[in-house]
Amino acid sequence: MERFKKHQQKHSGPKAEKKKLRKQGPSTEEDERRRNPKAFSVQSAVRMAKTFHRAQDIKAKKHHIPLVDRTPLEPPPVVIVVMGPPKVGKTTLIRCLIKNFTRQKLADICGPVTIVSGKKRRLTFIECTNDINTMIDLAKVADLVLMLIDASFGFEMETFEFLNICQVHGFPRIMGVLTHLDAFKNNKTLRKTKKNLKHRFWTEVYQGAKLFYLSGMVYGEYQTQEVKNLGRFISVMKFRPLVWQTSHPYVLVDRMEDLTDPEKVRTEPKCDRTVSLYGYLRGTYLKNKSHIHIAGVGDYQVSEVNFLPDPCSLPDTQKKRALNEKERLLYAPMAGVGGVVYDKDAVYVDLPASHVKQQQEEVRPTTELVQSLLDTHATLDAKMAASKVSLFSGSATLNSDELVEHER
Ligand SMILES: Nc1nc2c(ncn2[C@@H]2O[C@H](COP(=O)(O)OP(=O)(O)OP(=O)(O)O)[C@@H](O)[C@H]2O)c(=O)[nH]1
């Protein structure tokens, strides 16, 4: 028969030590903490909240797919879409922002306007009306949307419509801008409206979305400091590449030429036209025989690619801190820069009628005497002949012929 060895109790080693301690009496507090750490985890609510937030942050970061930055060394201009209902102040805002960056005034804003805003950044501003087709086209290509809201009216249906459209192609950065704040005379209502609109905006976009206030106008322009702050925000803003944009090459046309024979257009107004479109290539690189999306037009196959010189290039030297006046370029072929419009074979200088009239007035002498001389239409003799004199107050008037007879 097999014999089993009797169990031998341990007298040394970690297990024996533990047994000894247990026999000695109740365990110390330190031991309990080690045995049951969960029971002692919440000692400071603040610390607990911090740990929790940190854990959540790390989790949320993991959800974002790491992005590959494919932007070339000299990235194309950032597309800023200024959208809002009619008469909300879109044109005024674009004009003010352009003036803030380039110190130039645009005669009238038509089509996209590209400017150099900093050493490494160019901006293209484009106005988006409440038209649904424009919204669909521009939602695809927008990097940043300035959503103008008339504070005296509130949100319009189209604003929400635009937000929905944006969601289809990936949400661009969105900033709200409240205008017409000067319509509120009462400070309390103003504060209340601002707060209400801010919360409504946050619900639609995201909590804490940036909302700017443009409180009133000075000489037909928004206040310089407010525009400056908005401009500063735009020029340092970081953008996340969006899915549609990084997977499609696309062009936002900023110049257009009609190459059709003018004679043919004259004789046959509805003939097929040959049009040449110019713009920066954005999104990804062009591949041979690939399709290219032209905003507002559709997808077209490329037959030939030419490299054109940059019409609004970034400054060369990178050492300086700020741009000088010459480097603050402005490129707006569809709009009149300083009243000058370029065409394929002509340059138009815009001289509004009021301007011409003003110049004529300036030439006129300012002294009253010379002015009155210029205004005389009759000779002195004719005036003398027509003049009348009354000798006594209330008596009948005598004209010059009667006076001569009296003298005789
Ligand atoms: N009182 C006041 N008037 C404003 C404000 N913003 C714009 N306006 C005026 O509103 C009018 C329309 O401004 P625009 O910049 O032409 O508006 P818009 O959105 O470009 O208009 P459309 O191009 O017709 O859609 C102008 O006469 C501005 O002076 C504001 O904050 N307060």
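**Figure 1. The whole chain, before we zoom in.** Of the 408 residues in the protein chain, buried ones make up 19%. Keep in mind while looking around that this is a predicted model. The chain has 14 helices and 19 strands. Take the contacts between residues at least 6 apart in sequence: 69% of them join residues at least 24 apart. The views that follow pick out a few spots, starting with the ligand.

**Figure 2. Around the ligand.** How many residues surround the ligand? There are 16, and the closest are P86, G89, K90, T91 and T92. Helix α4, which covers residues 90–102, supplies the largest share of this shell, with 3 residues. Sort the shell by class and you get 9 polar, 4 nonpolar and 3 charged residues.

**Figure 3. Helix α4 meets helix α8.** Here is α4 again, this time with helix α8 (residues 224–236) packed against it. Two packed helices are described by the angle between their axes and the distance between the axes. For this pair, the angle is about 75° and the axes are 9 Å apart. An angle from 65 to 115 degrees counts as roughly perpendicular, so that is the word for how α4 sits relative to α8. On the α4 side, the contact is made by C96, L97, N100 and F101; on the α8 side, look for V227, K228 and G231. The residues of this contact divide into 4 nonpolar, 2 polar and 1 charged.

**Figure 4. A sheet of 7 strands.** This open sheet runs in the order β7-β6-β5-β1-β4-β3-β14, and its pairing is mixed. Which strands are at the edges? They are β7 (211–213) and β14 (330–331), each pairing on one side only.

**Figure 5. Strand β5 and its two partners.** Of the 7 residues in strand β5 (residues 144–150), 5 are buried, so the strand is largely enclosed by the rest of the structure. One partner is strand β1 (residues 78–83), which runs parallel to β5 and is joined to it by 4 bridges. A handy landmark here is D150, whose bridge partner in β6 is T179.

Figure 6. I174 lies in strand β6. Is this residue buried or exposed? A residue counts as buried if 20 or more other C-beta atoms lie within 10 Å of its own; I174 has 21, so it is buried. Leaving out residues up to four places away in sequence, I174 touches V145, M147, V205 and A209. Another residue to look for is L211: it is 37 residues from I174 along the chain, yet their C-alpha atoms are separated by 9.2 Å.

Figure 7. Where does D143 lie? You'll find it in the loop between α5 (132–141) and β5. D143 is buried, with 21 other C-beta atoms within 10 Å. Setting aside neighbours within four places in sequence, D143 is in contact with V78, V79, I80, P172, R173 and F239. Then there is P241, which is 98 residues from D143 in sequence but 8.5 Å away in space, C-alpha to C-alpha.

**Figure 8. A sheet of 4 strands.** In this open sheet the order is β11-β10-β12-β13, again with mixed pairing. Strands β11 (275–283) and β13 (298–301) stand at the edges; each has a single partner strand, so one side of each is left without a neighbour in the sheet. On average, neighbouring strands here are turned by 40° against each other, direction ignored. Strand β10 (residues 249–258) pairs with strand β12 (residues 291–294) in the parallel sense over 2 bridges. To spot this pairing, look for V251, whose bridge partner in β12 is I294.

Methods: Residues numbered from 1 in each chain as written. Predicted model: local features only at pLDDT ≥ 70, side-chain atom pairs only at ≥ 80, totals over all residues. Near = placed C-beta within 6 Å. Nonpolar A, V, L, I, M, F, W, Y, C, P; charged D, E, K, R; others polar. Pairing = 2+ DSSP bridges. Axes fitted to C-alpha atoms, helices over the stretch in contact; angles between N-to-C directions. Parallel < 35°, antiparallel > 145°, perpendicular 65-115°, else oblique. Contact = placed C-beta atoms within 7 Å. Buried ≥ 20, exposed ≤ 12 C-beta atoms within 10 Å, placed from the backbone.
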